[in-house]
Amino acid sequence: MPEGHTIHRLAEEHLSRFGGREARVTSPQGKFSDSAALLDGRVLEAVDAHGKHLFLGFGDAGWVHVHLGLFGKLGFGTAPAPPPTDTVRLRLRNPEHYADLRGPTTCALITEPEKRAIHDRLGPDPLRPGDDPGKAWLRISRSRTTVAALLMDQKVIAGVGNVYRAEVLFRHGIDPYRPGKDLTRAEWTAVWADLVELMREGVRNNRIDTVRPEHTPEAMGRPPRVDDHGGEVYVYRRARRECHVCGGEIRTAELAARNLFWCPACQRA
């Protein structure tokens, strides 16, 4: 599932290609046909992203709410657009660009109050200016749940996925199994600030890089990481390999139905 930086990047891409212009809106697959007909020819007035939720605003016609889930894909191209396949749930196009949405968990036309209700049930997002990390701290500081599980709970903090979860805990030397209530306020403040910076870099570079300058392949004289996810990381998907910092073995285990990665030596209980 895409992490929050990807959704914010998709929002920016929609704004640059379609913002302030009339869009032709179709649903080749047919599952969004009625809503597409209501939007066809309208101007894309606004875009928004919160965690893993994308919103495309068409004025008084409402918002298209998209959640990609595990299998959804959003692709862009330049005109002329090729004939759409019957897997395309939603196509936007104008004379210069097109965007195709395939396989999302959610693609629905919603009202402003319905959009607000989605925001209200999500935690603060490190990529949304003005979001208050204190809201997340109130829940974390009272919880006996592991900090690793809390970071993946979108009601606590929105947009953090498995990669950012593993990496930010490593960067701050926090045992992933520590209960949230045992995290200090100073530790949480540092974790939040780090997520803000790391995820902004993710938006800019379209990949997740979390290693500090002294641990890059160039600095360490090691081969670059080869992985479908790209980017240089400390622990994510590096189970049984050497830690870049201490040389110990990276561990993995299942936690809340997701694979957890950490270095026991660097992240002591």
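# Cavity, pocket and salt bridges in a predicted model

The structure holds 1 cavity of 30 Å³ or more, where a cavity is a set of points, on a 1 Å grid over the protein atoms alone, at which a 1.4 Å probe fits but cannot get out. This is a predicted model, in which local features need pLDDT of at least 70 and side-chain atom pairs count only at pLDDT 80 or more, while totals for chains, interfaces and linings use all residues. Residues are numbered from 1 along each chain as its sequence is written, and side-chain values use heavy atoms, with hydrogens and water left out.

The largest cavity has a volume of about 40 Å³, a volume being the space filled by probe spheres set on the grid points, which are joined across faces, edges and corners. Its lining, meaning residues with an atom within 4 Å of a point, consists of His14, Leu56, Val66, Leu74, Leu90, Leu92, Ala99 and Leu101. By class these residues divide into 7 nonpolar, 1 polar and no charged, where Ala, Val, Leu, Ile, Met, Phe, Trp, Tyr, Cys and Pro count as nonpolar, Asp, Glu, Lys and Arg as charged, and the others, Gly among them, as polar. Strand 6 (88-93) and strand 7 (97-102) each supply at least two residues of this lining; helices (H or I, at least four residues) and strands (E, at least two) are DSSP runs, numbered from the N terminus.

About 680 Å³ of space lies in the largest pocket, and of the 27 residues that line the largest pocket, the closest to its centre are Met1, Pro2, Glu3, His5 and Thr6. Helix 1 (4-18), strand 5 and helix 6 (162-171) each supply at least two residues of the lining, and helix 1 gives the most, with 5 residues. The classes present in the lining of the largest pocket are 11 nonpolar, 8 polar and 8 charged residues.

Met1 also belongs to a nonpolar surface patch, which it forms with Leu70 and Phe71 and which has about 380 Å² of accessible area in total. Accessible areas come from the Shrake-Rupley method with a 1.4 Å probe, and for residues only the protein chains shown count as cover; patches are made of residues with over 30% relative accessible area and no salt bridge, with like charges joined within 9 Å and nonpolar side chains (Val, Leu, Ile, Met, Phe, Trp, Tyr) within 5 Å. Leu70 is placed in the loop between strand 4 (63-67) and strand 5 (73-78), and its relative accessibility of 60% makes it exposed, given that buried means under 20% relative accessible area, exposed over 50%, and partly exposed in between (1.4 Å probe, protein chains only).

The structure holds 17 salt bridges, each a side-chain nitrogen of Lys or Arg within 4 Å of a carboxyl oxygen of Asp or Glu. In one of them the side chains of Arg24 and Asp40 meet at 2.7 Å, N to O. Arg24 lies in strand 1 (residues 24-26) and Asp40 in the loop between helix 2 (33-39) and strand 2 (46-50), so this pair ties together parts that are 16 residues apart in sequence. Arg24 is partly exposed at 41% relative accessibility, and Asp40 is partly exposed at 28%. Another salt bridge joins the side chains of Arg42 and Asp60 (3.1 Å, N to O); this pair links distant parts of the chain, with Arg42 in the loop between helix 2 and strand 2 and Asp60 in the loop between strand 3 (53-57) and strand 4, 18 residues apart. Here Arg42 is partly exposed at 34% relative accessibility, whereas Asp60 is exposed at 73%.

Some features of the backbone complete the picture. The peptide bond from Ala79 to Pro80 is cis, with omega near 0 degrees, and Pro80 is found in the loop between strand 5 and strand 6. Asn206, although not a glycine, has a positive phi of about 60 degrees; its place is in the loop between helix 7 (185-205) and helix 8 (217-220), and it counts as partly exposed at 46% relative accessibility. Arg240, also not a glycine, has a positive phi of about 70 degrees, and this residue, in the loop between helix 8 and strand 9 (251-255), is exposed with a relative accessible area of 61%.

Methods
On a 1 Å grid over the protein atoms alone, a cavity is a set of points where a 1.4 Å probe fits but cannot get out, and a pocket is an open set with protein on both sides within 12 Å along at least five of seven lines; lining residues have an atom within 4 Å of a point.
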